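Let us walk through this structure together, one step at a time. Keep the sequence and the 3D view side by side as you read.

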Amino acid sequence: YTLSLHDALPIFTNRLILTPNIEIDMPLKDDIARGRGAGGAVMEIGARLSYDLIDRAVSPYIGVNYETSFGDTRDITRAAGGDTDEFSVVIGTRLQF
């Protein structure tokens, strides 16, 4: 089951927009192939700052994301030699048609 909350758009100006994102992935059963344990949630928190160039059709952005896992999922990730906490920076352009 995945819960995603990213509809709020705090607008600093008519063109500068901060988009927060919280995503929680809660597996209901073990899925070893995906590295997920029952009840061991994976949570991602992030934010993107975008600037609308052409009537919101083209919006370059920069953002940060932090992802962590809990419970059995954390144990499975550690046993496989992976990181249980990850920080990333994202840069891109959103195109809307």
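Asp85 and Arg74 form a salt bridge, with their closest N and O atoms 3.5 Å apart. The pair links distant parts of the chain, since Asp85 sits in strand β5 and Arg74 in helix α1, eleven residues apart. The model you are looking at is a predicted one. Asp85 counts as partly exposed because its relative accessibility is 37%, while Arg74 belongs to the buried residues of α1.

That brings us to the helix itself. Helix α1 spans residues 71-79, and Thr73, Arg74 and Thr77 are buried in it. These residues lie on the same side of α1, because they cover an arc of only 100 degrees around the axis. What covers the buried residues of α1? The cover includes β3, β4 and β5 (85-95). After α1 comes Gly81, with a positive phi near 85 degrees.

Is Thr68 buried or exposed? Thr68 counts as buried because its relative accessible area, 6%, is under the 20% cut-off. Beyond its neighbours within four places in sequence, Thr68 is in contact with Ala41, Val42, Met43, Arg74, Thr84 and Asp85. With Thr84 there is also a polar contact: a polar atom of the Thr68 side chain lies 3.4 Å from the backbone oxygen of Thr84.

Now step back to the whole chain. It holds one helix and five strands, and from the N terminus on the order of elements is β-β-β-β-α-β. Of its 97 residues, 27% count as buried.

How are the strands joined? Strand β2 (residues 16-25) and strand β3 (residues 42-51) run antiparallel, with ten bridges between them. One of the paired positions is Leu16, whose bridge partner in β3 is Tyr51. β3 also runs antiparallel to strand β4 (residues 58-69), and nine bridges join these two. Here Leu49 stands opposite Ile62 in β4. β3 and β4 form a hairpin with six residues between them, and in the turn Asp55 has a positive phi of about 45 degrees.

Asp52 forms it with Arg94, the closest N and O atoms being 3.7 Å apart. This pair, too, links distant parts of the chain: Asp52 is in the loop between β3 and β4, Arg94 in strand β5, and 42 residues separate them. Asp52 counts as buried because its relative accessibility is 2%, whereas Arg94 is partly exposed at 38%.

Asp52 is also touched by Arg15, along with Ser50, Tyr51 and Leu53. Arg15 is found in the loop between β1 (2-5) and β2, and a polar atom of its side chain lies 2.9 Å from the backbone oxygen of Leu53. Arg15 is partly exposed, at 39% relative accessibility.

How many salt bridges does the structure hold in total? There are three. The one still to visit joins Arg36 and Asp25, whose closest N and O atoms are 3.5 Å apart. Arg36 lies in the loop between β2 and β3 and Asp25 in strand β2, so this pair ties together parts that are eleven residues apart in sequence. Both Arg36 and Asp25 are buried.

Methods:
Residues are numbered from 1 along each chain as its sequence is written. This is a predicted model: local features need pLDDT of at least 70, side-chain atom pairs count only at pLDDT 80 or more; totals for chains, interfaces and linings use all residues. Side-chain values use heavy atoms; hydrogens and water are left out. Two strands pair if DSSP finds at least two bridges between them. Helices (H or I, at least four residues) and strands (E, at least two) are DSSP runs, numbered from the N terminus. Buried means under 20% relative accessible area, exposed over 50%, partly exposed in between (1.4 Å probe, protein chains only). A polar contact is a pair of N or O atoms within 3.5 Å; within protein, one must be able to donate a hydrogen and the other to accept it, and residues adjacent in sequence count only if both atoms are side-chain atoms. Contact means heavy atoms within 4.5 Å. The arc is that of the directions from the helix axis to the C-beta atoms. A salt bridge is a side-chain nitrogen of Lys or Arg within 4 Å of a carboxyl oxygen of Asp or Glu.
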